[in-house]
Amino acid sequence: MSFEVHIRKARRSEADDLGEVFFKAVREGPSPYTEAQRAAWAPAPRTGADWADRVFAGEVMTAEAGDGSLAGFVTMDATGYSDFAYILPEARGRGLFRRLYTPLEADALAAGARRFSTHASLMARPAYEAVGFSVVRDETVEVNGERLDRFDMEKLTGA
């Protein structure tokens, strides 16, 4: 994969491709989660209409590599909630999260959002902190029989 990427809005027809990015981002590369936790979180790539409806509940920005493959994506709904933020392991550490997140926040601000929120994984927390989010509380959720630590986070902006 070339690391020269084009940031653009994702197309609904790419939902299954985003599901593959989600799967690889969780299951491959270094992670603070155990293999059992990773397998519970992402037992298989997400596909189908229910997945497409969830991922496209708001705006989706994606990073498209020169070869047409997707390197990552971030979502944000109309309330300022960012549900998904996944970057392939080989594309991490290159500023993609910020490049994907920034236009989503700008659009939400223009639409009147003043509070942004997410439930960030151990891996995503530093990326959200880098764009101004703070931890509201630590959380533990159960997914397919495994307990996963995460963070309820928010970012407040002026009126």
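Student: What covers the buried residues of α3?
Tutor: In this predicted model, the cover includes α1 (15-27), β2 (59-65) and β3 (70-76). Contact here means heavy atoms within 4.5 Å.

Student: Which residues of α3 are called buried?
Tutor: Trp 51, Ala 52 and Val 55, in a helix that spans residues 48-55. The term requires under 20% relative accessible area, and these three residues are classed as buried.

Student: Why do you say that the buried residues line one face of α3?
Tutor: Look down the axis of α3. The buried residues fall within an arc of 100 degrees, so they line one face of the helix.

Student: What does the face of α3 turned away from its buried side carry?
Tutor: That face carries Ala 49 and Asp 50, both exposed. Exposed means over 50% relative accessible area.

Student: What is the order of the strands in the open sheet?
Tutor: The order is β1-β2-β3-β5, four strands with antiparallel pairing. The twist averages 15 degrees from one strand to the next.

Student: Why is one side of β1 and of β5 left without a neighbour in the sheet?
Tutor: β1 (5-9) and β5 (85-87) stand at the edges. Each has a single partner strand, so one side of each has no neighbour in the sheet.

Student: How do you know that β2 and β3 pair?
Tutor: Pairing needs at least two bridges. Six bridges join β2 to β3, so by that definition they pair. The two strands run antiparallel. Val 60 stands opposite Thr 75 in β3.

Student: Which strands does α4 lie across?
Tutor: Helix α4 (residues 96-110) lies across β1, β2, β3 and β5. Its angle to β3 is about 30 degrees.

Key: Residues are numbered from 1 along each chain as its sequence is written. This is a predicted model: local features need pLDDT of at least 70, side-chain atom pairs count only at pLDDT 80 or more; totals for chains, interfaces and linings use all residues. Side-chain values use heavy atoms; hydrogens and water are left out. Buried means under 20% relative accessible area, exposed over 50%, partly exposed in between (1.4 Å probe, protein chains only). The arc is that of the directions from the helix axis to the C-beta atoms. Axes are lines fitted to C-alpha atoms, for helices over the stretch in contact, and angles run from 0 to 180 degrees between N-to-C directions.
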